[in-house]
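Subject: Structure handover and notes on what was found

Dear colleague,

Please find the structure below, followed by my notes on what was found in it. Could you read the notes with the coordinates open beside you?

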Amino acid sequence: MDRAQGLGRLPSVVGARVEEGRVVLRAGAGAHGDLDAQYRIGSITKTLTAVLVLQCQQDGLLALEDRVRDHLPEAGYGDARLRDLLAHTAGLQAEPVGDWWERSPGVDVPTLLERNDGSGRVFAAGEAFHYSNLGFALLGEVAARLRGRTWWELVQERLLEPLGMTRTSYHPQVPNAQGYSVGHFTGTLTEEPHADTGAMAPAGQLWSTVDDLARWLDFLATGHPEVLGADALAGMCIPGAPGIDYGLGLRLLDGLVGHTGSMPGFLATAFVDRATRRGVVGFANATTGLVTDQFACDLRDGVDRNDTPLWEPSVSVPPEVAEVLGIWFWGNSAHAVRWHNGRLELRDLNDPEDLGVFTDGAGVHGRAGSWRGTEGYLLGETLQVRRDGSGQAVELECATFRFTRTPYPDAP
């Protein structure tokens, strides 16, 4: 946990191992989270939408070979098969037309269908795996039309209630984590909006907890007589295209099934081994910084790598630091200077392992405009700020290495 939080600069991160629907071990790191709080689960929502569609098939309301037009006659992409939408092989564009749907107030279904008229197709059906959030919005509306209920009503009545998932909701319920994005150079936090995504909700709206997703994972492993049988779930785990680790609304990861998820301010992962009923759940309340696939495998394998200091968000950045943050060039090679745990870091963008760390010494709280190297190749050296006649910082220099805001300013 500490390594994930420190390297990813995550306000909080939570992880758990589950067995037969119960959490057997949970841990967290960071100061902005709660082990029992709701986090936004993003595209893990798609696994619930997929089960609603399979329920419709089970009840004879549709066939997976049906076309979108069979159930949404006014929709674009009317020729797309439901099976292909579930497998992301229908060739639809990734995102709906309009504003960034994950961070904007959502539109209603008629508006979504009108805007997405079928002209944005990027592949022919079956030509390639191409992940499409839009496709799952269409699937959610198909299930809603067939049942005469809203998508969210179906989720509540047909999934959450029979499985006892009382802490999974459309909107956040206290206690819940706040979503953040992290300033790349400053390390400061920006609160992300918790948007109601409207017609796009079947693709990524939901909030949940470690305990509720533990129940959901066990359902994916064993089935439930009031929801969907084990045989139908097994069919969802068959890859939808050769060489692609994706079934019907479920990802396949190193012997596990489940999904990852992201929304502005949140990252999530939930996977289970269907044979052993052992699984993992993980959350973070940051837009980026957690490799959710790797985190799931680390949780499963019990990898414990607590060799990284915890990260603390910056409350403010000293003015003499703020002026040197950003991208600098050594020759033509780009480097990033960022403020991290009260230190300056100089990173080669071509080699993430090439890191120089500088602290105040003769710098921030001493002679303004210089810092002392404490880690890396430039250990012990002094990083100096060079200014032009107006006082603007135009160069960084350390041990004859010169960094400028543009590549090779003195080149022919």
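In what follows, two residues are in contact if they have heavy atoms within 4.5 Å of each other. The model is a predicted one, in which local features need pLDDT of at least 70 and side-chain atom pairs count only at pLDDT 80 or more, whereas totals for chains, interfaces and linings use all residues. Residues are numbered from 1 along each chain as its sequence is written, and side-chain values use heavy atoms, with hydrogens and water left out.

I begin with P264, for which that definition is needed. Leaving aside neighbours within four places in sequence, P264 is in contact with W100, E102, R103, E192 and T287. P264 is located in the loop between β8 and β9, where helices (H or I, at least four residues) and strands (E, at least two) are DSSP runs numbered from the N terminus. With a relative accessible area of 4%, P264 is buried; the cut-offs are under 20% relative accessible area for buried, over 50% for exposed, and partly exposed in between, with a 1.4 Å probe and protein chains only. From C-alpha to C-alpha, P264 and H194 are 8.0 Å apart in space, while 70 residues separate them in sequence.

The sheet comes next. An open sheet is formed by 6 strands in the order β2-β1-β10-β9-β8-β7, with antiparallel pairing, two strands being counted as paired if DSSP finds at least two bridges between them. The edges are held by β2 (22-30) and β7 (251-253), each of which has a single partner strand, so one side of each is left without a neighbour in the sheet. From one strand to the next, the twist averages 20°, the axes being lines fitted to C-alpha atoms (for helices over the stretch in contact) and the angles running from 0 to 180 degrees between N-to-C directions.

Within this sheet, strand β1 (residues 12-19) is mostly covered, since 6 of its 8 residues are buried. β1 pairs with β2 in the antiparallel sense over 8 bridges, and A29 in β2 is the bridge partner of V13. The two strands β1 and β2 form a hairpin with 2 residues between them, and E20 in the turn has a positive phi of about 50°. β1 is also joined to strand β10 (residues 278-284) by 7 bridges, again running antiparallel, and here V14 stands opposite F283 in β10. Further along the sheet, strand β8 (residues 256-263) and strand β9 (residues 266-273) pair in the antiparallel sense over 7 bridges, with H259 opposite A270 in β9.

As for the aromatic side chains, rings of Phe, Tyr and Trp (its six-membered ring) pair if their centres lie within 6.5 Å, and planes under 30 degrees apart count as stacked, over 60 as edge-to-face and the rest as tilted. By this rule the count is 10 aromatic pairs. One of them is the tilted pair of F129 and Y246, at 5.6 Å centre to centre with 50° between the planes. This pair links distant parts of the chain, with F129 in the loop between α4 (109-115) and α5 (133-147) and Y246 in the loop between α9 (230-236) and β7, 117 residues apart. F129 is partly exposed at 29% relative accessibility, whereas Y246 is buried at 3%.

Y377 and F401 form an edge-to-face pair, at 6.1 Å centre to centre and with 80° between the planes. Y377 lies in the loop between β15 (370-375) and β16 (382-387) and F401 in strand β18 (residues 401-404), so the pair ties together parts that are 24 residues apart in sequence. Y377 is exposed, with a relative accessible area of 68%, while F401 is partly exposed at 22%.

Finally, the cysteines: the structure holds 0 disulfides, a disulfide being a pair of cysteine sulfur atoms within 2.5 Å. C56 is in no disulfide, and the nearest cysteine sulfur, that of C237, is 19 Å away. C56 is buried at 1% relative accessibility, and C398 is buried at 0%.

With best regards
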